[in-house]
Amino acid sequence: SQISSQIKDIRAQMEEDEDLNTLMAGLRGTNIDDSDFAADGVKMRVVDLDKIKAEGGDDDRLPLYYDPELIAQYWRRRPGAVAQRILQLSTIAGSFITGIIADLVTNKTSENSVKRAIQLREIVTSLGPAYIKLGQALSIRPDILSPQAMTELQKLCDKVPSFDNKIAFDTLERELGCKWQDIYSELGPDPVAAASLGQVYKGKLKSNGDIVAVKVQRPAVLETVSIDLYILRRVGVALRSVPQINTDVVGLLDEWAERFFEELDYVKEGDNATKFAASIKDDLPQVVVPRTYSEYTRRKVITSQWLDGEKLSQSTADDVGDLVNIGVICYLKQLLDTGFFHADPHPGNLIRTPDGRLAILDFGLMTNIDDNIKFGMIEAIAHLIHRDYDAIVEDFVTLDFIPEGVDLKPILPPLARVFDQALEGGGAKNINFQEVAADLAQITFDYPFRIPPYFALIIRAIGVLEGIALVGNPEFALVDEAYPYISKRLLTDDSPRLRESLRYMVYGKGQVFDADRLIDVLEAFETFSVASRTSRGNMEGEAATAATTAAAAPGGFDLNQIFAQIQAGLTPPAAAATTARGGDQDAQTREALQFVLSPQGSIFREFLLDEAVKGIDALSRDNAARVLQQVGLGDATVPLLLPGALLPRSVRLSPRVTDDDRATVESVTKLLNFLLRGSRTADPSKVVRELGPLLPAVATEVLPELISRLNSRVAARTIREVF
């Protein structure tokens, strides 16, 4: 498609710009170190639990959720431990902090950002889990860091030396309340991976022989994380008085810390995995989520299903591209449907299983996306298609890029210039990316414009998938995979906002629908739906059969269309008629027509009825006017005596036909030609056989409603014209 080609051109042009190429590589996770263990020589400094107990006693405890005031109260009563931690941090990061202060004083923060990022990367692993996680969170925030600084922070390795096995097993037994041998017939003896928060052992359950992964939390993590957050927050409060820093450091830190505390609760992580699996079970049977064994899971221990496989980013299997496509649809479903979003998009968390399925791991960090944001994204797409920049600026407010109450008028000229260049027919070759970058930088400087945390995660998730796909397929375009899914949502979702988005997408601000745009949506739907049937026909095994049966159940949201990409990528829309019904080469009616007449198409059919009525009315008047013109009565009038009138009134015999009427006739004709393509010259018996199950509903529901609306329209128009 034209949009797909433009995006590929834009990507190629961006790769020629060093800064933009660095930024995109970072968002795709190209620089992330996803090793299983830390590099040699790395040491992790944590707080001294004995000193904390000796200073403050055991009467009060740290909160298990993020509450900055309760945390501050806890550490104010332990000034010695705080001083020791500050000394420890200062010893490790003294030169870095001095450099930052010097940059602020000399106004060279931007100039030295890369140098400081390199220093930060070299020391941050030693500082402990809070700093590692904070660095990784900042590594996907282009609104805060330069592309080069992002690149350096993405090289941070969330892997540290494993801690002592005896400590791990003592923690395991203390949490579970029994000897580990009572639950696991095999465990360890050494970890298979170690990270800043915990380490993982491979084991076997005694009860049923299931192979499991057992993650045990590192000792002193809660204390180390909370004291570091306490110190960082005090620094953030002090930075509020520095005029060169426009970012709300405290707000950013609190927002991140709240979710970080959730990651420390393995019970929450297990619940997240269970909830996520349930949300995609029926629609995405080729996505695997490890089962959580809740009976063997506690706050510091989680037992989950062991999954064999290889990292998707490192796999050389032929189906990697297909799994990436499935991953794109999976994240779109989270983003636009369930709203329960996997917030740790990392190449190491995407696994290709031996049976060719996509496994998603690590559900410690999740984020919830509300309906306002979900619908706002689709609305923004519709506004962008029509270059409605006034509405797009409002979308930025809806999507939390700009706070409410900001004067948006000055932002329109640079925004329009950015999008006009990107959407020009000449493609990316006409885009001056330096100018675009300057415009965007100016926008972020002049306005309180920021990238919301949820959007940074979305960019990262999709970027990681795109990065994996581009390795095997340089022609990969995200729009090819995303647009069919969005079309499906627009055509089948009964939400008022999505129905209005569909209407705007095909009408814009006019009164006549754009047949070409509507056909684009229907073609994308065909791509999604037809290839879904093909892929389901190729699914093997009991699980595949069960998933297909569940997806086809009446009233279910048939998202098995995601398999449109499993076997052969996107199916060309022109092939829809010949691949309908699971690859039936003898099919005579195209998928879009079957959809329009089916129960699933009831929402869209309601949308089309008004246009059909207007089209029939306009076409009949146009034909009548032509006939009267041919017989010389085009300008003739007839006298009509209205009730209560003393004299008859002259009424034009030939009906009026406006430009909008002619445009409606043209659009309806174009749409009908599209829907009937492949059936007008087809074998009538086959057409009847394919559409036969749908015809009773057409006869009892569609035609009566069409006639009723047509009669009402004709009567209303006649009254208006006469009176």
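Analyst: **Sheet and ring contacts**

Four strands form an open sheet in the order S5-S10-S9-S7, with mixed pairing (strands are DSSP E runs of at least two residues, helices H or I runs of at least four, numbered from the N terminus; two strands pair if DSSP finds at least two bridges between them). At its edges stand S5 (287–288) and S7 (310–311), each with a single partner strand, so one side of each has no neighbour in the sheet. The model is predicted, so local features need pLDDT of at least 70 and side-chain atom pairs count only at pLDDT 80 or more, while totals for chains, interfaces and linings use all residues. Residues are numbered from 1 along each chain as its sequence is written, and side-chain values use heavy atoms, leaving out hydrogens and water.

Three bridges join S9 (residues 350–352) to S10 (residues 358–360) in the antiparallel sense, and Ile-351 has Ala-359 of S10 as its bridge partner. Helix H13 (residues 320–338) packs on this sheet and touches S5, S9 and S10 (contact means heavy atoms within 4.5 Å), its direction making about 45° with that of S10 (axes are lines fitted to C-alpha atoms, for helices over the stretch in contact, with angles from 0 to 180 degrees between N-to-C directions).

Turning to the rings, the charged end of Lys-275 sits over the ring of Phe-340, 4.2 Å from its centre (NZ of Lys or CZ of Arg within 6 Å of the ring centre and within 35 degrees of the ring normal). Likewise, the charged end of Lys-215 sits over the ring of Tyr-266, 4.9 Å from the centre of that ring.
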